Amino acid sequence: MGRFSKMHGLGNDFVVIDARAAPVAMNEARARAIADRHAGIGCDQLIVIGDAPDADVSMQIFNADGSEVEACGNATRCVPLFIGRDVTIRTRAGLLDARLIDGGASVDMGAPRFDWDAIPLAYPMDTLTMPASWEELPAPAAVNVGNPHVIFFVDDLDGVDTARLGPMIEQDPLFPQRVNVNFAQVVGDGHIRLIVWERGAGLTRACGTGACATAVAAIRRKLVHGPVTVTLPGGDLIIDWRPSGSIRMTGPATHVFDGEADWSRF
Ligand SMILES: N[C@@H](CCC[C@H](N)C(=O)O)C(=O)O
């Protein structure tokens with residue numbers, strides 16, 4: 001039997017496994033089975049905490065479809081709560097510093113990248129040519145915050161069919177590694193509403209890296225001044241970024257319950 005915790009950040013929910021004392025062989029099929037909301041435990045992302053030579057812990061992130069990815073903002077805020085103190089975390093995206101605050105955590109998410117490898121060079125980041133099927137949307141921004149995001153700034157977020165457009169864009173051949181799709185509306189200086197179709201997980205109640213990427217894109221386009229409050233379906237995150245600096249993300253983290261499972265059944 002292995003122990004796990006169920007946690008969430010603004011309703012983006014996680015199964016968190018501590019593999020430091022009891023290693024778990026994780027792979028795509030097993031992660032998908034655990035994340036299954038009908039036949040498994042159920043979560044948007046599966047998080048495996050391990051040892052790291054150069055940090056307090058390592059964090060592996062698996063989407064609900066089993067794909068292993070580089071970064072997860074909401075899970076990063078849950079890690080210090082899970083460990084019980086401020087921590088440095090080694091991820092595929094880099095070394096992150098996560099500090100506990102009342103009700104949540106504040107994380108240095110590192111510097112954004114705009115030289116996005118996943119997009120063919122023929123498509124410059126901020127002037128991305130849109131395939132005909134995306135014609136109803138304005139030109140997106142592309143920001144990599146460890147994982148890849150495209151951001152569409154729209155005038156009326158409620159008028160966007162996110163469930164139809166999200167998967168279409170996520171799986172467009174333009175993005176060989178697929179992409180997280182952010183639909184954003186600027187509702188005031190320093191305030192953005194955001195809905196995210198996550199790569200490998202679909203519509204979630206919140207996406208921390210999506211909030212970071214969207215705030216960065218909005219500041220670069222001079223649509224807002226920072227710090228930015230990003231309102232997602234699950235609640236608010238505060239994102240602070242100064243050009244050429246790193247991104248600070250602050251928001252809630254919640255421990256829901258602990259459980260035990262026989263990993264060999266998955
Ligand atoms: N929910 C996350 C992002 C999880 C990974 C993402 N779906 C990807 O495939 O890159 C967050 O809070 O950032």
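The model is predicted, so local features need pLDDT of at least 70 and side-chain atom pairs count only at pLDDT 80 or more, while totals for chains, interfaces and linings use all residues. Residues are numbered from 1 along each chain as its sequence is written. The protein has 4 helices and 17 strands; helices (H or I, at least four residues) and strands (E, at least two) are DSSP runs, numbered from the N terminus. The domain assignment gives domain 1 (2–108 + 253–261) and domain 2 (125–245), with bounds that come from an automatic or database domain assignment.

**Overall form**

- The radius of gyration of the protein is 18 Å, which agrees with the value near 18 Å for a compact globule of 266 residues. This radius is taken over C-alpha atoms, and the globule rule is 2.2 Å times the number of residues to the power 0.38.
- Taken along the principal axes, the C-alpha atoms fill a box of roughly 50 × 35 × 35 Å.
- Buried residues make up 42% of the 266 residues. A residue is buried if 20 or more other C-beta atoms lie within 10 Å of its own, exposed if 12 or fewer, and partly exposed in between, with C-beta atoms placed from the backbone.
- Among contacts with a separation of 6 or more, 62% are between residues 24 or more positions apart. Two residues are in contact if their C-beta atoms, placed from the backbone, lie within 7 Å.

**The two domains**

- The C-alpha centres of domain 1 and domain 2 are 23 Å apart.
- Domain 1 gives 21 residues to the contact, and domain 2 gives 17 residues.
- On the side of domain 1 that touches domain 2, H2 supplies the largest share, 4 residues.
- That side of domain 1 has 6 nonpolar, 11 polar and 4 charged residues. In this classification Ala, Val, Leu, Ile, Met, Phe, Trp, Tyr, Cys and Pro count as nonpolar, Asp, Glu, Lys and Arg as charged, and the others, Gly among them, as polar.

**The shell around the ligand**

- There are 17 residues around the ligand, of which Asn74, Asn147, Arg199, Gly208 and Thr209 come nearest. A residue is near a molecule or strand if its C-beta atom, placed from the backbone, lies within 6 Å of it.
- Helix H2 (73–83) and helix H4 (208–220) are the elements that give two or more residues to this shell.
- By class, the shell has 4 nonpolar, 11 polar and 2 charged residues.
- Both domain 1 and domain 2 give residues to the shell, so the ligand lies between them.

**Helix H2 and threonine 76**

- H2 is largely enclosed by the rest of the structure, because 9 of its 11 residues are buried. Among these buried residues are Gly73, Asn74, Arg77 and Cys78.
- Threonine 76 lies in H2 and counts as buried, with 29 C-beta neighbours inside 10 Å.
- Not counting residues up to four places away in sequence, threonine 76 touches Ile89, Leu96, Ala98, Val107 and Gly208.
- Threonine 76 and alanine 29 are 47 residues apart in sequence, and their C-alpha atoms are 23 Å apart in space.
- Glycine 84 follows H2 and has a positive phi, near 100 degrees.

- H4 has 13 residues and spans 18 Å from its first C-alpha to its last, close to the 18 Å expected at 1.5 Å a residue. The expected span is 1.5 Å times one less than the number of residues in the helix.
- H4 is mostly covered, with 12 of its 13 residues buried; Gly208, Thr209, Cys212 and Ile219 are among them.
- Lysine 222 is in the loop between H4 and E14, and its phi is near 60 degrees, a positive value in a residue other than glycine.
- Lysine 222 is exposed, with 7 other C-beta atoms within 10 Å.
- A cis peptide bond joins glycine 226 and proline 227, with omega about -10 degrees. Proline 227 is in the loop between H4 and strand E14 (228–232).

**Serine 244**

- Serine 244 is in the loop between strand E15 (235–240) and strand E16 (248–252).
- Phi of serine 244 is positive, near 75 degrees, in a residue other than glycine.
- Serine 244 is exposed, with 7 other C-beta atoms within 10 Å.
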